[in-house]
Amino acid sequence: MIGLFLGSTDFPDLILKKIRKNKKKFFIIDLTKNNKFKCHNNSHFISIGKFGQILKLIKEKKCRKVLFAGKIDKPRILNLKFDVKGIYYLPRIIKASKLG
């Protein structure tokens, strides 16, 4: 199972087409603002701050590979709603954003 973290632009559509052509099992975590991939059966719209939900979904689906594609708009950290795992990893996220 492949986990696809997809943002906007045309690149995710090309990847999705190729994965379907090769008949690979996949699920989508839609990170677009307008929920672009909602028409797909295995699509999930989860906020970036809901890190616990994302990890739970990856484990549920027994995902072995993850692919990130497309443009993901970086939200302001104050506008994000975090779950418990998101709060746990928040200091690491802030530290990484200061380094980059």
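Modeller: Contact here means heavy atoms within 4.5 Å. Please keep in mind that this is a predicted model.

Biologist: Which strands are included in what covers the buried residues of α1?

Modeller: Helix α1 spans residues 11–21, and its buried residues are Pro12, Ile15, Leu16 and Ile19. Seen down the axis of α1, these buried residues fall within an arc of 100°, so they line one face of the helix. Among the elements that cover them are β1 (2–6), β2 (26–30) and β4 (65–69).

Biologist: Which residues are exposed on the other side of α1?

Modeller: The buried face of α1 is formed by Pro12, Ile15, Leu16 and Ile19. Exposed means over 50% relative accessible area. On the other side of the helix, the exposed residues are Leu14, Lys17 and Lys21.

Biologist: How far from aspartate 30 is the nearest side chain of opposite charge?

Modeller: Aspartate 30 lies in strand β2 and is buried. A salt bridge requires a side-chain nitrogen of Lys or Arg within 4 Å of a carboxyl oxygen. Aspartate 30 has none, and the nearest side chain of opposite charge, that of lysine 36, is at a distance of 8.3 Å.

Biologist: Which backbone nitrogen lies 2.9 Å from a polar atom of the side chain of aspartate 30?

Modeller: The contacts of aspartate 30 include Asn35, Lys36, Phe37 and Lys38. Its side chain reaches the backbone nitrogen of lysine 36 at 3.2 Å. At 2.9 Å from a polar atom of that side chain lies the backbone nitrogen of phenylalanine 37.

Notes:
Residues are numbered from 1 along each chain as its sequence is written. This is a predicted model: local features need pLDDT of at least 70, side-chain atom pairs count only at pLDDT 80 or more; totals for chains, interfaces and linings use all residues. Side-chain values use heavy atoms; hydrogens and water are left out. Buried means under 20% relative accessible area, exposed over 50%, partly exposed in between (1.4 Å probe, protein chains only). Helices (H or I, at least four residues) and strands (E, at least two) are DSSP runs, numbered from the N terminus. The arc is that of the directions from the helix axis to the C-beta atoms. Lys and Arg count as positive and Asp and Glu as negative; His and the chain ends are not counted. A polar contact is a pair of N or O atoms within 3.5 Å; within protein, one must be able to donate a hydrogen and the other to accept it, and residues adjacent in sequence count only if both atoms are side-chain atoms. Lists of a residue's contacts leave out its neighbours within four places in sequence.
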